[in-house]
Amino acid sequence: MPFVSPGHVRLLLGDARRMEGILNRSIALVVTSPPYPMIPQWDRLFLSLGARTYPQMLQVLADAWAECRRVMIPGGILAINVGDALRSVDGEFRLWPNVAETTVAASEAGFSPLPYILWKKPTNKPNAFLGSGFLPPNAYVTLDCEFVLLFRNGPLRRFPPHDASRAASRFERTERDRWFSQVWSDVRGTRQDGRGGRTGAFPSAIPERLIRMFSVVGDTVLDPFAGTGTTLWTAARWGRHAIGVERDPATFRALVATGRRLGLLSPGSTQRQFAPTVRGGRSPPRRRDEGTVGRSR
Ligand SMILES: C[S@@+](CC[C@H](N)C(=O)[O-])C[C@H]1O[C@@H](n2cnc3c(N)ncnc32)[C@H](O)[C@@H]1O
């Protein structure tokens, strides 16, 4: 357990693509897990944002990374938990490369890519694979890894010598050795059956490590896709302030209730913002109807 006083949490009902309630250059670290394009769970959400094709879904996320850059301090770190998707569209089963696309999109938004973390989830079904029998060549490799992609906003962050907040944020040698190795195979996925279905929540060990690796006590951590608020409550527990942006009103109400129950929201720390219209960003050059979901067959 940390020996620092908890940070406070602000919640914004709004859109990650236009976080008007957040000042320029005020966020030291972003830890987030966006809705993954081409995972059926998120089809309705992407459709409500005007995104029906894979390039349009990627554009929603690209706009959010550009907005993160606006609010981040120089030297701040962007940490994105994302996985690829497997899905048949128009009879073709294939992988949708969210990890590669996110790396390109954040780089195009102006971030510098850093070495990433491969989160290999321990599985109870080591022999699970897609296909049948033991005959080549038509089985598929099991997709049991997600990534934590890491980016820096510009130059290295600098501190004055003997900075007290930095000293108070020190981690142990054993923690460093585990956390800064590229494969994390000791973090289990979390139960997904929250209120109203699957939540997409990640286990608190993921944000806990990232917050302690890449921010100091007193910093402000942002989750632009807040969900159940795992990043926010973890940041507060480790003496960082946190801001969560969530677009879905029911999920937002649940966030407010949790924040109040945990005693982490100060009065006036929840706000409603208008949802923006979709920005006319540049779409990746590819077939315009690629990965169109929800069309009748
Ligand atoms: C994968 S979940 C996040 C899970 C979170 N890491 C947790 O532990 O609960 C993605 C969340 O982003 C929200 N969301 C989707 N699009 C959004 C947008 N444009 N702006 C803000 N929130 C959005 C969804 O409603 C959902 O709650």
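Helix 2 (residues 54-71) and helix 3 (residues 98-108) pack at about 40°, and their axes lie 9 Å apart. That angle makes helix 2 oblique to helix 3; angles under 35 degrees count as roughly parallel, over 145 as roughly antiparallel, 65 to 115 as roughly perpendicular and the rest as oblique. Axes here are lines fitted to C-alpha atoms, for helices over the stretch in contact, with angles running from 0 to 180 degrees between N-to-C directions. Helices (H or I, at least four residues) and strands (E, at least two) are DSSP runs numbered from the N terminus. The model is a predicted one, in which local features need pLDDT of at least 70 and side-chain atom pairs count only at pLDDT 80 or more, while totals for chains, interfaces and linings use all residues. Residue numbers start from 1 along each chain as its sequence is written.

On the helix 2 side, Leu58, Leu61, Ala62 and Trp65 take part, and they meet Glu101, Thr102, Ala105 and Ala106 in helix 3. Contact means that the C-beta atoms of two residues, placed from the backbone, lie within 7 Å. By class, this contact of helix 2 with helix 3 has six nonpolar residues, one polar and one charged. Ala, Val, Leu, Ile, Met, Phe, Trp, Tyr, Cys and Pro count as nonpolar, Asp, Glu, Lys and Arg as charged, and the others, Gly among them, as polar. An α-helix has 3.6 residues a turn, so residues three or four places apart point the same way.

Another helix pair is formed by helix 6 (residues 205-214) and helix 7 (residues 230-237), packed at about 50° with axes 9 Å apart.

A residue is buried if 20 or more other C-beta atoms lie within 10 Å of its own, exposed if 12 or fewer, and partly exposed in between, with C-beta atoms placed from the backbone. The buried set in helix 6 is Ile206, Pro207, Glu208, Arg209, Leu210, Ile211, Arg212 and Phe214. What covers them includes strand 2 (27-32), strand 3 (72-82), strand 7, helix 5 (173-179), strand 11 (220-223) and helix 7.

Strand 2 holds Ile27, which is buried, with 28 other C-beta atoms within 10 Å. Apart from residues up to four places away in sequence, Ile27 touches Ile22, Val71, Met72, Ile73, Gly76, Thr220 and Leu222. Its C-alpha atom is 8.9 Å from that of Ile243, a residue 216 positions away along the chain. Trp96, in strand 5 (residues 92-96), is buried too, with 21 other C-beta atoms within 10 Å. Beyond its neighbours within four places in sequence, Trp96 is in contact with Pro37, Met38, Tyr54, Asp84, Ala85, Arg87 and Gly291. Trp96 and Gly291 are 195 residues apart in sequence, yet 8.7 Å apart in space, C-alpha to C-alpha.

Around the ligand sit 21 residues, the closest being Gly200, Phe225, Gly227, Thr228 and Thr230.

A few backbone details turn up in loops. The peptide bond from Pro136 to Pro137 is cis, with omega near 5°, and Pro137 is found between strand 6 (112-120) and strand 7 (145-152). Asp90, in the loop between strand 4 (85-89) and strand 5, has a positive phi near 50° and counts as exposed, with 10 C-beta neighbours inside 10 Å. His162 has a phi near 60°, also positive; it lies in the loop between strand 7 and helix 4 (164-167) and is exposed, with 7 C-beta neighbours inside 10 Å.

For the protein chain as a whole, the secondary structure comes to eight helices and 13 strands. Buried residues make up 39% of its 297 residues.

Key. Near = placed C-beta within 6 Å.
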